[in-house]
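Here are a few notes to read alongside the model. I hope they are handy as you look through it.

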Amino acid sequence: MSSSVISPSYRQASSAKPKASHWLKRMKPALWLAPFALFFYLFQLAPMIWMLINSFIYEEEFAFTNYIDVLDSAFMMQAFGNSLWLSVWSSIAGLAIATLLVSSLRRVDSKIRDGVIAFTNMSSNFAGVPLAFAFIIILGTNGAITLLLKQYGLLGDFDLYGKWGLLAIYIYFQIPLAVLLLYPAFDALSDDWQAASALLGASSCQYWAKVVLPVLSPALFGTFIILIANAIGAYASVYALTAGNYNVITIRIASLVSGDLFLEPNLAAAISVILMAILACITLINQWLITKSYAGKKANAKR
């Protein structure tokens, strides 16, 4: 009988092939992720790094002068105040309206629900210059609804081009986004919970306060933060409506980057860094509230 002898070099080559194929299998997800990582770096990390570095450059020297100029300027502080006022109140109003709308959608027919969600998805993209133009036609100085309400003396001192008019526009484009974010969260609610609460003698207000809001609190807090970020970064609608005459922080940043008189990109970078710091603080507070909400749920579950 003849016996075959396998050389050591052949054994090493055959064992190397499975190792190479195993390595390729492990690296395949990373290779698929590489284009996304590249785009994320080019359009997210690189601008943030550039902005952070250049915010400390003043007359080609490293200094805190840009931050001092921003914090000492009453005009810039007014811009921050106006932006935060519009963002917070539009987020509160949009979140409240969206919560009522989504809770009502759970009680209607599925075809109506799908139609409303489709319309909401479409209207969430209706923003910027077209939205400002639509509001001018409807609620402008000679708008259709404006003239109708003035005829019956119901309008009062409403000014579309002031803070209350801007608040109305902000609330309009906040509602569709809030609906799309809250709609999946309401699927966690069960109709049996309301029936059980009613059997135990709880009213509708008690059911919402003791059952619904604790369950939905993480989604509500998270949606609220996203709405604030969405509103504080709004630019096109405000600029198209007021031609840059209303003092909000996005208008100030744009005027420093592409203005006709003064070009101060380093000062704009400092303003942007302060704005990011404000959003980061709001996000940390939101995470702390969500953590406390989850801790409260666990404590109640153990009882």
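1. Met 51, Ile 253, Ser 272 and Met 276 line the second largest pocket of this predicted model. The space in that pocket comes to about 160 Å³. Its lining divides into three nonpolar residues and one polar residue, with no charged ones.

2. On to the aromatic residues: ten aromatic pairs turn up in a search of the whole structure. One of them joins Phe 56 and Phe 64, edge-to-face, with 5.3 Å from centre to centre and 90 degrees between the planes.

3. Phe 56 has a relative accessibility of 17%, so it counts as buried. Phe 64 has a relative accessible area of 54% and is therefore exposed. Both residues belong to one aromatic cluster, formed by Phe 56, Phe 62, Phe 64 and Tyr 67.

4. Another pair worth a look is Trp 85 with Trp 164: the ring centres are 5.4 Å apart and the planes stand at 85 degrees, so this pair is edge-to-face. Trp 85 belongs to helix α3 (residues 74–105) and Trp 164 to helix α7 (residues 163–182), so the pair ties together parts that are 79 residues apart in sequence.

5. Please stay with Trp 85 for a moment. Its relative accessibility is 25%, so Trp 85 counts as partly exposed. Which residue has its charged end over the ring of Trp 85? That is Lys 163, whose charged end sits 4.8 Å from the ring centre.

Terms used
Residues numbered from 1 in each chain as written. Predicted model: local features only at pLDDT ≥ 70, side-chain atom pairs only at ≥ 80, totals over all residues. Heavy atoms only, no water. 1 Å grid on protein atoms, 1.4 Å probe; cavity = no way out; pocket = protein on both sides within 12 Å on 5 of 7 lines; lining within 4 Å. Points joined across faces, edges and corners; volume = space filled by probe spheres on them. Nonpolar A, V, L, I, M, F, W, Y, C, P; charged D, E, K, R; others polar. Phe/Tyr/Trp six-rings, centres within 6.5 Å; stacked < 30°, edge-to-face > 60°. Buried < 20%, exposed > 50% of the residue type's maximum accessible area, 1.4 Å probe, protein only. Helix = DSSP H or I, 4+ residues; strand = E, 2+ residues; numbered from the N terminus. Lys NZ or Arg CZ within 6 Å of the ring centre and 35° of its normal.
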